[in-house]
Amino acid sequence: MSWSDGTRVVRGGDEPPIPGTPLRPSPVFAAPYHLGEDPYAADFYARPGHPTLRVFEEAVGDLDGGDCLAFATGMAAISAAMFAVLRAGDRVVIPSDGYYQTRALGDGELARFGVVVEQVPTLEIADAAARGDLDGAALVLLETPSNPELDVCDIAAVAAATRATGAVLAVDNTTATPLGQRPLALGADLTIGADTKALTGHSDLLMGHVSTARTDRGRELQTRLKAWRDRTGNGPGAFDAWLAHRSMSTLDLRLTRQATTAAAVAELLADHPAATGVRWPGRPGDPSHEIAARQMLRMNGVVSATLADEAAVHALVRHSRLWLAATSFGGVHSTVDRRAQWGGDAVADGFVRFSCGIEDTADLVADLTTALDALV
Ligand SMILES: *Cc1c(COP(=O)(O)O)cnc(C)c1O
């Protein structure tokens with residue numbers, strides 16, 4: 001039988017129990033290793049791979065339902081997916097409302113190599129695919145739920161179109177995590193995670209991964225991605241890989257608390273005169289709710305909403321004791337990020353991404369209520 005998520009996040013990558021060895025493998029620190037007469041019979045050099053990374057990749061690949069390759073950051077994983085697939089003259093479709101560095105990668109780097117980068121809003125990609133507008137694209141990248149506005153795109157619908165045209169379909173699954181959504185099972189060729197965020201969840205490391213489908217095409221992509229990582233040298237080291245593997249053990253527990261808090265925070269914001277435009281895919285009535293309920297296995301812990309202006313966001317942080325101003329999301333601390341301050345997203349000055357941590361839900365709601373009340 002296959003175990004449930006809560007078991008797999010703890011036991012994924014485990015070695016058989018050998019008396020005297022630790023329950024969770026310790027990091028193996030090495031650049032070169034002792035060699036035997038056949039240099040490839042065992043680990044020989046850490047850039048192509050190392051034991052600590054392998055157990056992390058095994059655990060994450062198991063959750064994704066594919067074969068995982070880890071990278072030093074989420075952006076390293078996204079760039080690997082792009083550069084391993086695309087060549088000069090190819091057309092790539094990316095979300096116009098997704099993570100801003102992905103767009104910067106397209107405009108600032110891929111375009112320089114002769115790749116034609118086209119941006120389509122997350123809410124329009126499925127219709128564009130059905131109309132045939134994506135025909136001729138070599139790669140289609142979705143990000144769902146999108147960061148930061150939390151729009152949701154029908155992965156299976158886009159997969160039906162890319163299967164017909166031969167485009168590679170990749171999904172940035174960062175917001176949902178492999179427990180919240182399984183893009184490979186919905187027909188994607190690649191699923192990508194910025195594991196800096198909820199998968200590792202302690203705001204203390206950078207990490208990313210790409211998992212490939214267990215199909216002929218997926219295996220071919222895996223070979224290309226592995227070559228890309230070996231040649232560009234952007235795999236994680238032993239300490240980060242070990243910390244990431246250790247941290248993901250609590251993913252199921254953390255997501256459960258985060259989603260519970262997110263539901264309460266979304267309700268609070270929806271009813272409060274200081275906020276408008278509340279978004280959380282788990283909330284009935286949210287524009288993304290219907291597809292999210294169909295396609296996601298569980299909800300994420302990120303909620304977005306708009307306050308009056310920049311000053312209102314600063315005042316919210318001043319009047320709160322628990323909600324900290326910080327970027328990133330998915331960590332154990334509850335945070336607010338005024339996205340307009342970074343200049344990369346087309347959002348209002350008072351647009352806030354709330355990342356629910358794992359503090360007590362009632363405490364978080366009470367503290368946020370106090371802070372919101374101070375704004376009106
Ligand atoms: C943060 C993020 C990334 C980039 O991850 P890094 O680890 O910061 O490089 C990519 N995609 C999404 C959706 C993200 O939120």
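In this predicted model, 13 residues surround the ligand, and the closest are G74, M75, D172, T196 and K197; a residue counts as near the ligand if one of its heavy atoms lies within 4 Å of it. By class, this shell has five nonpolar, five polar and three charged residues. For this sorting, Ala, Val, Leu, Ile, Met, Phe, Trp, Tyr, Cys and Pro are taken as nonpolar, Asp, Glu, Lys and Arg as charged, and the others, Gly among them, as polar. Helix α3 (residues 74–85) gives the most to the shell, with three residues. Helices (H or I, at least four residues) and strands (E, at least two) are DSSP runs, numbered from the N terminus.

Residues are numbered from 1 along each chain as its sequence is written, and side-chain values use heavy atoms, with hydrogens and water left out. Local features need pLDDT of at least 70 and side-chain atom pairs count only at pLDDT 80 or more, while totals for chains, interfaces and linings use all residues.

Turning to the pockets, each is an open set of points on a 1 Å grid over the protein atoms alone, where a 1.4 Å probe fits, with protein on both sides within 12 Å along at least five of seven lines; lining residues have an atom within 4 Å of a point. The largest pocket has a volume of about 320 Å³, the volume being the space filled by probe spheres set on the points, which are joined across faces, edges and corners. Its lining has seven nonpolar, one polar and four charged residues, including V10, R11, D14 and E15.

The ligand takes up the second largest pocket, meaning that more than half of its atoms lie within 2 Å of the grid points. About 240 Å³ of space lies in this pocket. Of its 17 lining residues, G74, Y99, A194, T196 and K197 are the closest to the centre. The lining divides into seven nonpolar, seven polar and three charged residues, and α3 gives the most to it, with three residues.

The loop between β4 (139–143) and α6 (155–165) holds P145, P148 and L150. The peptide bond from T144 to P145 is cis, with omega near -10°, and the bond from N147 to P148 is cis too, with omega near 15°. L150, a residue other than glycine, has a positive phi near 65°.
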